[in-house]
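I opened this notebook to record what I looked up in one structure.

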Amino acid sequence: MAGRTARPERGSATRELILATAERLFAEHGVHAVSNRQISEAAGQGNSAAVGYHFGTKADLVRAIARKHADEMEQLRVWMVADAAGSTDVRDWVACLVRPFTRHLEAQGSPTWYARFRAQVMADPALYQITVEESLPSPSLRLLVDGLNRCLSDLPATVQKERWAMARHVIVHMCVERERALAEGSSTLQPSWDDLATSLIDAIVGLWQAPVTPRP
């Protein structure tokens, strides 16, 4: 009985170890530069096929990493979105976009690799689509998008879409700057993740409310 209980627990621990190792290697070297064999070896797995056994393809592994973080950020976002319900203040909704990400990174301790992992994945259309698919089921994210779009209903749809893309890149790449600096022990632009979040909210509110140059 004890043996049957221990085996699933060992399997779960191995999966978590592989996930954490893959996230770190992907963040440091790029997704396509790292093989499943290298991940297995770095995770201390004697079987070089351990990644395939537990997750399948590299795309499946990326999906598992994305899902793990998406689930954890959903828990942070849901109460913020509930507090913002009905607000017509752009800043309230931008805070719901920024702070779950920075608070999630802060909760991971240091060093973290998730921001750099996200940046690597964002550069690859197929892998980025995986992260989009993992975020689509999020009820709080759908409410956030609807709430912010309602505040900015005067913006043309094409401009809204473009500025959503800008906001995503600003958030991820500024978090990459801080994450990398913390990992290297170098100075950071802001003293804390909370301070970075406030700075990001200021900038993104300005981005959303910036004038739109008429186009011929």
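Predicted model: local features only at pLDDT ≥ 70, side-chain atom pairs only at ≥ 80, totals over all residues.

Entry 1. Residues are numbered from 1 along each chain as its sequence is written, and side-chain values use heavy atoms, with hydrogens and water left out.

Entry 2. I looked up pLDDT, the predictor's confidence in each residue, from 0 to 100. The protein has a mean of 91, and 95% of its residues reach 70 or more. Helices here are DSSP runs (H or I, at least four residues), numbered from the N terminus. Over residues 1–7 the pLDDT is below 50.

Entry 3. I turned to helix α4 (residues 58–84) and helix α8 (residues 139–151), whose axes come within 8 Å and cross at roughly 45°. Axes are lines fitted to C-alpha atoms, for helices over the stretch in contact, with angles from 0 to 180 degrees between N-to-C directions. The contact (heavy atoms within 4.5 Å) involves Glu 74, Arg 77, Val 78 and Val 81 of α4, and Pro 139, Ser 140, Leu 141, Leu 143 and Leu 144 of α8.

Entry 4. I then examined α4 with helix α5 (residues 90–107): the axes come within 9 Å and cross at roughly 150°. Among the residues that meet are Trp 79 of α4 and Phe 101 of α5.

How values were computed. Helix = DSSP H or I, 4+ residues; strand = E, 2+ residues; numbered from the N terminus.
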